[in-house]
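Welcome! Let us take a short tour of the structure shown here.

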Amino acid sequence: MRKLRLRVVLSLLGVGLILASCSNEEDNVVQDEQQEIPQEIIDQLSSFAINTKNLQRQSYEIPGGGTLDRIVAEGDIAFDPSTIASLSLYGGIQEEQYRTFNLVSSPRTLTVIGYTGGGGFGLSNSMRTGLQWAINNYNRLNLELNFQLSFAASTNADIVVFRQRSQPGAGGVAGFPSGGDPNKFVQLFTGLDNVDPNVNEHVAGHEIGHSIGFRHTDWFSRQSCGETGESAGSVGAVHIPGTPTGFDPTSIMLACFTFGTDGEFNQNDITAMNFLY
């Protein structure tokens, strides 16, 4: 069973139990990219208990032309360098199921577009099916956030889910909410083109989770990635009441996933979402 990290660069090597980790050469690239990030930004993210070990500065193409300059942390969380100072991500409790202080104003209907345009940005059939299933999962909870999905060659929506043609891995990237609005652009990587739709359901649901304010369930240890010793301490995330302590191996918001995922919320995910929205 392969373990996949929701990250910008993904290495899939051999068979069996594989951690999606960087090679030595890849580590050097990440290190060089981190040196280009101002120390004050690194310090700011660190103060939010964001893991700054493998920060990357990326310039992403988006449908319709243009690029987004983003700093990517924890593999799949994209920060706008110009707004990092205004974010409020930290709390004071280290428990299970976490959110940021940045949430989406509700009750509200969020429009979501699965991008179908050209230029290599259009979602594959599996991506479209997985996104539809992920949206159905959210709407089935009857939250104060309702998601209205359409498929179009447009970016005129609250959230736009598109295929990032420049990333070959099996993962995705999204950001956190800002100003009461969700993160707008959700990227799915080309390695997801032809996988089981359940995997796309998981990745789309996970990245939309970030887009409405959820952090990685195992942010403090990244145990799902087979990592240890990276605890962020007692600040950095707000515990959501009603969810358990300890590692939750089936949460949709784990930092890493496998190709065997079914893409469904577990009961703790549902409890957390109902508490917030």
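## A linked pair of cysteines

Cys225 and Cys256 are both buried, where buried means under 20% relative accessible area, exposed over 50% and partly exposed in between, with a 1.4 Å probe and protein chains only. The model is a predicted one, in which local features need pLDDT of at least 70 and side-chain atom pairs count only at pLDDT 80 or more, while totals for chains, interfaces and linings use all residues. Residues are numbered from 1 along each chain as its sequence is written, and side-chain values use heavy atoms, leaving out hydrogens and water.

The structure holds 1 disulfide, a term for a pair of cysteine sulfur atoms within 2.5 Å. In the disulfide of Cys225 and Cys256, the sulfur atoms are 2.1 Å apart. This link is right-handed, with 100 degrees about the S-S bond. It joins distant parts of the chain, 31 residues apart: Cys225 sits in the loop between helix H4 (197-211) and strand E11 (238-239), and Cys256 in strand E12. Helices (H or I, at least four residues) and strands (E, at least two) are DSSP runs, numbered from the N terminus.

## Asn266 at the start of H5

Asn266 lies in the loop between strand E12 (256-258) and H5. Asn266 is buried, at 11% relative accessible area. A side-chain oxygen of Asn266 comes to within 3.0 Å of the backbone nitrogen of Asn268, at the start of H5. A polar atom of the Asn266 side chain also lies 2.8 Å from the backbone nitrogen of Asp269.

## One face of H5

Which residues of helix H5 (residues 267-276) are buried? They are Asn268, Asp269, Ala272, Met273 and Leu276. Seen down the axis of H5, these buried residues fall within an arc of 130 degrees, so they line one face of the helix. The arc is taken from the directions from the helix axis to the C-beta atoms.

Notes
Polar contact = N/O pair within 3.5 Å; in protein donor to acceptor, adjacent residues only side chain to side chain.
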